[in-house]
Amino acid sequence: MPWDTRWLRWPDFRLPADRVDARDALSEAWRRAEDERVEVACGGGRGRTGTALACLAVLDGVPADKAVAFVREHYDARAIETAWQRRYVERFNTG
């Protein structure tokens, strides 16, 4: 890519392979988004992308128990595809 990138190992329909790295990457994306354009993407744009967007929403102050609904309302009604991903978002702030 002609711009800075950061890739996470995150299997489809699953959770990030390294949760510490994922938290760091999402925190970096949230910080950088204040002054830069930040792109979050996966193969289908719903499960992993929606989960990442919900975690970013949590970092930005959306309560963790409301973040999935927030992303589904403002991004894609089918975002965050699995119960595992939903629980990951709900527990994101607890580390």
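Tyr88 is buried, with a relative accessible area of 8%; buried means under 20% relative accessible area, exposed means over 50%, and partly exposed covers what lies in between (1.4 Å probe, protein chains only). The model shown here is a predicted one, in which local features need pLDDT of at least 70 and side-chain atom pairs count only at pLDDT 80 or more, while totals for chains, interfaces and linings use all residues. Residues are numbered from 1 along each chain as its sequence is written, and side-chain values use heavy atoms, with hydrogens and water left out.

**View 1. Trp10, Tyr88 and Phe92 form one aromatic cluster.** Let us begin with the rings. A pair of aromatic rings is described by the distance of the centres and the angle of the planes. Two aromatic pairs are found in the structure. In one of them, the ring centres of Trp10 and Tyr88 lie 6.2 Å apart with the planes at 70°, so this pair is edge-to-face. For the cut-offs, rings of Phe, Tyr and Trp (its six-membered ring) pair if their centres lie within 6.5 Å; planes under 30 degrees apart count as stacked, over 60 as edge-to-face and the rest as tilted. The pair joins distant parts of the chain, since Trp10 sits in the segment before helix H1 (19-32) and Tyr88 in helix H4, 78 residues apart. Helices here are DSSP runs (H or I, at least four residues), numbered from the N terminus. Trp10 is buried too, at a relative accessible area of 9%.

**View 2. Helix H2 (residues 47-59) and helix H4 (residues 83-90) have axes that come within 9 Å and cross at roughly 15°.** That angle makes H2 roughly parallel to H4. The classes are as follows: angles under 35 degrees count as roughly parallel, over 145 as roughly antiparallel, 65 to 115 as roughly perpendicular and the rest as oblique. Axes are lines fitted to C-alpha atoms, for helices over the stretch in contact, and the angles run from 0 to 180 degrees between N-to-C directions. On the H2 side, Gly47, Arg48, Thr51, Ala54, Cys55 and Val58 meet Gln85, Tyr88 and Val89 of H4, where contact means heavy atoms within 4.5 Å. This contact of H2 with H4 comprises five nonpolar, three polar and one charged residue. In this scheme Ala, Val, Leu, Ile, Met, Phe, Trp, Tyr, Cys and Pro are nonpolar, Asp, Glu, Lys and Arg are charged, and the others, Gly among them, are polar.

**View 3. Thr51 is found in helix H2.** Thr51 has 0% relative accessibility and so counts as buried. Which residues does Thr51 contact, leaving aside its neighbours within four places in sequence? They are Trp10, Arg46, Ile80, Gln85, Tyr88 and Val89.

**View 4. Ile80 has a positive phi of about 60° although it is not a glycine.** Ile80 is placed in the loop between helix H3 (64-74) and H4, and with 1% relative accessibility it counts as buried. Phe13 has a positive phi as well, near 65°, in a residue other than glycine. Phe13 belongs to the segment before H1 and is partly exposed, with a relative accessible area of 43%.

**View 5. The axes of H2 and H3 come within 9 Å and cross at roughly 130°.** The two helices are therefore oblique to each other. H2 passes H3 in a right-handed crossing. From H2, Gly50, Leu53, Ala54, Ala57 and Val58 take part in the contact, and from H3, Ala64, Ala67, Val68, Phe70 and Val71. By class, the contact of H2 with H3 has nine nonpolar residues, one polar and no charged ones.

**View 6. Leu8 lies in the segment before H1.** At 25% relative accessibility, Leu8 counts as partly exposed. Neighbours within four places in sequence aside, Leu8 is in contact with Asp21, Ala22 and Ala25. From Leu8 to Arg78 is 70 residues in sequence and 22 Å in space, C-alpha to C-alpha.

Methods:
A crossing is left-handed if the near helix is turned anticlockwise from the far one by less than a right angle, and right-handed if clockwise.
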